[in-house]
Amino acid sequence: MSSLPSSQGNFGLQAQVEIYLSAGQAQRLPVSVDRWREQARAVLSDGPWWYVEGGAGSGATMAANRQAFDRWRLRPRMLRDVAQRDLSTELLGRRLPAPVLLAPVGVLSVVHGEAERAPARAAARLGLPFIASTVSSVTLEGIAEAMGDGPRWFQLYPARDREIMASLIRRAEAAGYEALVVTVDTTMLGWREHDLENAYLPFLLGEGIANYLSDPAFRARLPRPPEEDREGAILQFLQVFVNPSFTWDELAFIRSQSRLPVLVKGITHPGDARQAVECGVQGIIVSNHGGRQVDGAVAALDALPEVVEAVAGRVPVLFDSGIRRGADVLKALALGARAVLVGRPYVYALAAAGEAGVARLLRHLLADLDLTMGLCGVRSVAEIDGSLVTRV
């Protein structure tokens, strides 16, 4: 599978034909997200599975994310020439083959041995941006090496230590990352009942802290290097990772440290969106962390139109939390998102089939989007607007 051309033509049809012709293969990979999810559950033990699949509290926010998509319905237009379709879009000065990015998901070593390298390579093959998490199991430099020239962003959790944050930012710039995503909704970990029931926090096992263990500013805080005292390094990580004191002033500090475009992820309130723009960020990602932080919170899709209105075109608005299929992508774009982030679905595919699984899932998602656009009378991402959806 090579990168996608800028003009897709009949990409969706091509993908359908490939699937039908694979009927005789001994091992066929799934098509639906539900089947990927089933296969991931079959190979993961309870701790890793619920770390991926669980949400905050009762899971009400996770459920709300999906229910919100059902409240918006597509209104297809007929008798339009949609023989040639173009999925490409421009974002932060780069032309992307499709309005899809891989969301930052941490600690991928708990679901697959290649951890972040596998999905990063899959994203690079398709030309889609991979957003590397601060708490990845592979260093940000290792992810960059795996991607080659593929587009990549770095997601930063605001640490208690400014020097560590500044060091991580410098490393991201040096490793060719093109944007900085500051996650603002995780200054503390939410009450995640499944993880607590399983007493499972991968950080305590030394998973997901590769960027810290390799960081000179973090290592300078340690009495002994991690190679000699791993437990001490883990405890130090736990002391600096979360930052309940994070404020707009801290965000301004992060902006001052970076030459990269800065986006804030975790915004659902229009007031916060306006303040973020006033703070000088270059983009906003509407997200409730996939329902992992606040139980009973607003669905991300319900928040999207209000944030788009508040931003008023001053910066691009991206969408995260709940994307599963092509119709979901189309609805989010119609409600004003410039692009969407995909998280759990690619983790399911990673757990089940590694890099090949992630590449296949992404290819199918884009094929689904391509066909749904055409069936709705849309020839390009640029043509998508609010007239395509209606609320029920």
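Residues are numbered from 1 along each chain as its sequence is written, and the side-chain values use heavy atoms, with hydrogens and water left out. As the model is predicted, local features need pLDDT of at least 70 and side-chain atom pairs count only at pLDDT 80 or more, whereas totals for chains, interfaces and linings use all residues. Helices (H or I, at least four residues) and strands (E, at least two) are DSSP runs, numbered from the N terminus, and buried stands for under 20% relative accessible area, exposed for over 50% and partly exposed for values in between, with a 1.4 Å probe and protein chains only.

**Aromatic pairs and charges over rings**

- Rings of Phe, Tyr and Trp (its six-membered ring) pair if their centres lie within 6.5 Å, and planes under 30 degrees apart count as stacked, over 60 as edge-to-face and the rest as tilted; the count by this rule is 11 aromatic pairs.
- Phe-69 and Phe-319 form an edge-to-face pair, because their ring centres are 6.0 Å apart and their planes stand at 85°.
- This pair links distant parts of the chain, with Phe-69 in helix H4 (residues 60–70) and Phe-319 in strand S10 (residues 317–319), 250 residues apart, and both Phe-69 and Phe-319 are buried.
- Tyr-157 and Phe-241 are also edge-to-face, because their ring centres lie 5.3 Å apart with the planes at 85°.
- Here too distant parts of the chain are linked, since Tyr-157 is in the loop between strand S6 (152–156) and helix H7 (162–174) while Phe-241 is in helix H11 (residues 230–241), 84 residues apart; Tyr-157 and Phe-241 are both buried.
- One aromatic cluster is formed by Tyr-157, Phe-203, Tyr-212, Phe-218, Phe-237 and Phe-241.
- A charge sits over a ring if NZ of Lys or CZ of Arg is within 6 Å of the ring centre and within 35 degrees of the ring normal; the charged end of Arg-152 sits in this way over the ring of Tyr-177, 5.6 Å from its centre, and that of Arg-292 over the ring of Tyr-51, 5.0 Å from its centre.

- Two strands pair if DSSP finds at least two bridges between them; strand S8 (residues 262–267) runs parallel to S9 and is joined to it by four bridges, with Ile-267 opposite Val-286.
- S9 and S10 also run parallel, joined by three bridges, and Val-286 has Phe-319 as its bridge partner in S10.
- A right-handed β-α-β unit is made by S8, helix H13 (residues 270–278) and S9, and another right-handed β-α-β unit by S9, helix H14 (residues 300–311) and S10; right-handed means that, with the strands pointing away from the viewer, the path from the first strand over the helix to the second runs clockwise.

- Asn-288 is found in the loop between S9 and H14 and is buried, with a relative accessible area of 7%.
- A polar atom of the Asn-288 side chain lies 3.0 Å from the backbone nitrogen of Gly-291.
- With contact taken as heavy atoms within 4.5 Å, and leaving aside neighbours within four places in sequence, the residues that Asn-288 contacts include Thr-61, Asn-65, Asp-185, Thr-268 and Ser-321.

**Positive phi outside glycine**

- Leu-79 is not a glycine and yet has a positive phi of about 55°; Leu-79 is in the loop between strand S1 (72–74) and strand S2 (89–91) and counts as exposed at 90% relative accessibility.
- Ala-312, likewise not a glycine, has a positive phi of about 55°; Ala-312 lies in the loop between H14 and S10 and is exposed, with a relative accessible area of 56%.

- Val-358, in helix H16 (residues 344–375), counts as buried at 0% relative accessibility.
- Val-358 and Pro-119 are 239 residues apart in sequence, but their C-alpha atoms are 5.9 Å apart in space.
- Buried residues in helix H5 (residues 117–126) are Ala-118, Pro-119, Ala-120, Ala-122, Ala-123 and Leu-126, and their cover includes strand S4 (100–102), strand S5 (130–132), helix H6 (140–147) and H16.
- Gly-127 follows H5 and has a positive phi, near 75°.

Conventions: A polar contact is a pair of N or O atoms within 3.5 Å; within protein, one must be able to donate a hydrogen and the other to accept it, and residues adjacent in sequence count only if both atoms are side-chain atoms.
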